[in-house]
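Work through the exercises below with the sequence and the coordinates open, and try each task before reading its solution.

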Amino acid sequence: MSENPLLRILFFPLSMLYGFGILLRNYLYEKGWLKSIEFDFPVICVGNLSVGGTGKTSHIEFLVRMLSPNFRVAILSRGYQRKKRGYLDVQTNSTAEDVGDEPAMMKKKYPNVAVAVCEERADGVPQMLSTYPETDVVLLDDAFQHRSVRAGLNILLTSYDRLLTRDQILPLGTLREFKSAAQRAEFIVVTKCPPELSVAEKEKIKKEIAPLPGQLLFFSKQDYQKPYLITDSSVRLTLDKNTDVLLFCGIAFPETLIQDLKTRARNVYTRTFPDHHAFDRLDIESITETFQNLPQENTVLITTEKDAVKLHQFAKWIIEKKLPIFVLPVEIDFFEEDRMLFETEIVGWLKKLKEMREEE
């Protein structure tokens with residue numbers, strides 16, 4: 001969100017023009033003049049109102065881990081910035097260039113889960129169900145603003161340090177829709193909360209967001225795991241105050257990650273790129289040069305899982321230069337009282353729908 005008064009003045013009419021277009025579009029959907037498909041099948045949408053940085057992929061992964069023991073889960077994504085178009089089933093050897101970085105990453109992490117990409121979710125869902133007829137639930141990744149599919153359950157994410165209530169619509173802020181669009185969600189999750197978040201602060205945020213009757217509000221936090229070597233995932237790194245880190249990544253709002261590393265490492269140097277950045281040869285050479293100019297003893301490179309899937313083409317370079325690149329996994333978890341309710345509500349909803357389908 002721009003704090004420059006001149007830019008705010010310049011952006012305001014553009015924001016209003018953009019916002020009017022979104023309002024008109026939503027009005028047409030609400031009146032049925034634009035078609036919105038609802039499937040007789042469990043579809044859960046995980047999305048946000050902002051342009052990124054709320055942890056959608058981590059929450060999709062949480063749902064996969066939570067539901068997979070009892071349900072056959074499938075993930076449908078747009079496949080942002082991929083080169084190939086149309087519906088594609090993601091395989092474990094699919095590249096980020098072909099299917100997008102996040103779908104490629106999720107398939108490699110969860111090879112037994114069906115993952116597909118399609119620009120048009122209304123087309124992608126039936127194709128996925130045809131390909132994977134045993135599916136019990138489809139998770140739509142980043143589809144809250146895509147009204148062509150009416151999900152049975154909408155989970156809206158908003159980051160703790162960038163609450164939707166304190167944001168503005170593009171380009172004045174980072175919102176893709178007005179804050180009132182949050183009314184479409186059944187669940188609202190405040191993500192990236194500090195682990196020590198107090199009950200009093202939760203209540204303060206709840207009053208600010210003001211969920212509607214029937215809307216459930218949850219709070220989640222990030223848990224960074226031990227980094228693993230990019231060329232051998234069995235090799236794990238324990239960060240400590242004797243370790244220097246060069247972090248390079250292309251993610252939205254990397255501040256939370258940087259702050260976490262600073263609590264665990266001695267020094268943290270950063271090379272940040274735009275979200276979903278496609279690394280090229282010049283990038284890798286530049287990152288290598290930066291690394292080689294740092295003290296070499298107890299210094300490592302760290303990147304994210306989303307970025308790591310885009311580095312396969314530089315495997316020879318990484319090995320030749322003996323670059324100690326470690327990949328930092330991140331998982332999310334809910335605060336204890338929230339986790340139980342979140343799981344109970346979703347599992348109960350799925351079981352009820354499954355029983356209804358079996359009775360028909």
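**Exercise 1.** Which residues does His-277 touch, not counting residues up to four places away in sequence?

*Solution.* This is a predicted model, in which local features need pLDDT of at least 70 and side-chain atom pairs count only at pLDDT 80 or more, whereas totals for chains, interfaces and linings use all residues. Residues are numbered from 1 along each chain as its sequence is written, and side-chain values use heavy atoms, with hydrogens and water left out. Begin by placing the residue: His-277 sits in the loop between strand E12 (267–272) and helix H8 (281–292), where helices (H or I, at least four residues) and strands (E, at least two) are DSSP runs, numbered from the N terminus. Then apply the contact criterion, heavy atoms within 4.5 Å, which gives Gly-250, Asp-283 and Lys-310 as the residues that His-277 touches, once those up to four places away in sequence are set aside.

**Exercise 2.** Decide for His-277, Ser-234 and Leu-301 whether each is buried or exposed.

*Solution.* The classes rest on relative accessible area: buried means under 20%, exposed over 50%, and partly exposed in between (1.4 Å probe, protein chains only). His-277 counts as buried because its relative accessible area is 19%. Ser-234, a residue of strand E10 (residues 232–236), is exposed because its value is 58%; its side chain is also joined to that of Asp-232 by a polar contact of 2.6 Å, a polar contact being a pair of N or O atoms within 3.5 Å, where within protein one must be able to donate a hydrogen and the other to accept it, and residues adjacent in sequence count only if both atoms are side-chain atoms. Leu-301, in strand E13 (residues 299–304), is buried because its relative accessibility is 0%.

**Exercise 3.** What is in contact with Leu-301, leaving aside its neighbours within four places in sequence?

*Solution.* With those neighbours excluded, Leu-301 is in contact with Leu-246, Phe-248, Ile-287, Phe-291, Leu-323, Pro-324, Ile-325 and Phe-326. Take Ile-287 from this set and compare two separations: Leu-301 and Ile-287 are 14 residues apart in sequence, and their C-alpha atoms are 9.2 Å apart in space.

**Exercise 4.** How many cavities of 30 Å³ or more does the structure hold, and what lines them?

*Solution.* A cavity is a set of points, on a 1 Å grid over the protein atoms alone, where a 1.4 Å probe fits but cannot get out, and its lining residues have an atom within 4 Å of a point. Two cavities reach the stated volume. The largest holds about 100 Å³ of space, and among its 15 lining residues Ser-50, Thr-54, Thr-158, Ser-159 and Arg-162 lie nearest its centre. Strand E6 (residues 153–159) supplies the largest share of that lining, three residues. The second largest cavity holds about 40 Å³ and is lined by Val-46, His-59, Phe-62, Leu-63, Ile-155, Phe-334 and Phe-342, with helix H2 (residues 56–67) giving the most, three residues.

**Exercise 5.** Which members of the largest nonpolar core touch the most other members?

*Solution.* A nonpolar core is a set of buried Ala, Val, Leu, Ile, Met, Phe, Trp, Tyr and Cys residues joined through side-chain atoms within 4.5 Å. Of the 37 residues in the largest core, the answer is Leu-49, Leu-76, Met-128, Leu-140, Val-190 and Phe-219. The largest share of this core, three residues, comes from H5. A second, separate core of 36 residues includes Met-105, Tyr-110, Leu-139 and Phe-342.

Conventions: 1 Å grid on protein atoms, 1.4 Å probe; cavity = no way out; pocket = protein on both sides within 12 Å on 5 of 7 lines; lining within 4 Å. Points joined across faces, edges and corners; volume = space filled by probe spheres on them.
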